[in-house]
Amino acid sequence: MSELFERRPLIGLTVGNRTDQRGMRRLGVNRAYVDALRAEGGDVVLLPPVPAGAPPVPAALLDRLGGILLPGGADVHPARYGEEPRDGLGDVDGDLDALELGLVRTAIDHGLPLFGICRGQQVVNVALGGSLYQDLARDGLTEVRHAVEIERGRDFLAHPIRVEPGSRLRRVLAADRIEVNSFHHQAVRDVAPGLLVSAVSPADGLVEGLESADGLLLTVQCHPEELTARGWARALFRAFVTAAARVRVRVA
């Protein structure tokens, strides 16, 4: 049994600042990410923000990681892509911005697979030189409601996305069109150099997926961790964990 668990790749999952109802500061992330990773054969270590100037991941831990997942969360501060805050900007977490932007570079430098979900897609784009719509409605991009009310359920399918031919995302999903959930009011504006658009919302052209040419960076704007009853969502986590397992074999 111990040998079985040793083969499971270790995935770093970032956690941000949260304040509970009593005003206590905590660190947290939705459990659905952890459950989805474990279900596909990964083990999880939580990565909290670090002091200024410290590396995003301690060297001893970095040597054990097979991949990094950047989950959904607070808005990315617009200063990170050269803009002033405007009306419509939501809560931000500067500590988490610093951690995750650093982790994108860490993943690239060390050849680690990185999976970005919702905010995670936006972080990857900003880290590599792209920009964001601070608020889709106020920026006038679309009349499609991408910020669906949470009361409709985390698994509510809000709209379709078109998956681009030839993309790694297309190979993983084995589909050219899927229905997705949607809980975001920010989105990719200018795509960063070196990233390829792998999926769009056909109604308005909104970027719904990004990836690097080598496929090690892969991101989606939807929340597949809440849709694991669907085969395509499980396939995303399975492909990521499989890629992370290959990294550990290569390092060993």
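Predicted model: local features only at pLDDT ≥ 70, side-chain atom pairs only at ≥ 80, totals over all residues.
## Exposure and the model

A residue is buried when its relative accessible area is under 20%, exposed when it is over 50%, and partly exposed in between (1.4 Å probe, protein chains only). A203 is exposed because its relative accessible area is 63%. A203 sits in the loop between strand 11 and strand 12. Helices (H or I, at least four residues) and strands (E, at least two) are DSSP runs, numbered from the N terminus.

Residues are numbered from 1 along each chain as its sequence is written, and side-chain values use heavy atoms, leaving out hydrogens and water.

D204 lies in the loop between strand 11 (195-200) and strand 12 (207-212). D204 is buried but has no salt bridge. A salt bridge needs a side-chain nitrogen of Lys or Arg within 4 Å of a carboxyl oxygen of Asp or Glu. The nearest side chain of opposite charge is R162, 9.1 Å away. For charge, Lys and Arg count as positive and Asp and Glu as negative; His and the chain ends are not counted.

What does the side chain of D204 reach at 3.0 Å? It reaches the backbone nitrogen of L206. Leaving out residues up to four places away in sequence, D204 touches T142, V144 and H146. Contact here means heavy atoms within 4.5 Å.

L69 belongs to strand 5 (residues 65-70). L69 counts as buried because its relative accessibility is 0%. Beyond its neighbours within four places in sequence, L69 contacts several residues, including L13, Y33, L37 and F237. L69 and L13 are 56 residues apart along the chain, yet their C-alpha atoms are separated by 5.0 Å.

Y33 and L37 are among the buried residues of helix 2 (residues 31-39), along with A32, V34 and A36. G41 follows helix 2 and has a positive phi, near 100°.

## Salt bridges

Side chains of opposite charge can pair when their charged atoms come close. The structure holds 12 salt bridges. One joins R31 and D35, with the closest N and O atoms 3.1 Å apart. R31 and D35 are four residues apart in helix 2, so about one helical turn separates them. R31 is exposed at 59% relative accessibility, whereas D35 is partly exposed at 34%.

E225 and R154 meet in another salt bridge (4.0 Å, N to O). This pair links distant parts of the chain, 71 residues apart. E225 is buried at 4% relative accessibility, while R154 is partly exposed at 25%. R162 pairs with E164 at 3.5 Å between the closest N and O atoms. E83, R86 and D139 are linked in a network of salt bridges.

Definitions and conventions. Polar contact = N/O pair within 3.5 Å; in protein donor to acceptor, adjacent residues only side chain to side chain.
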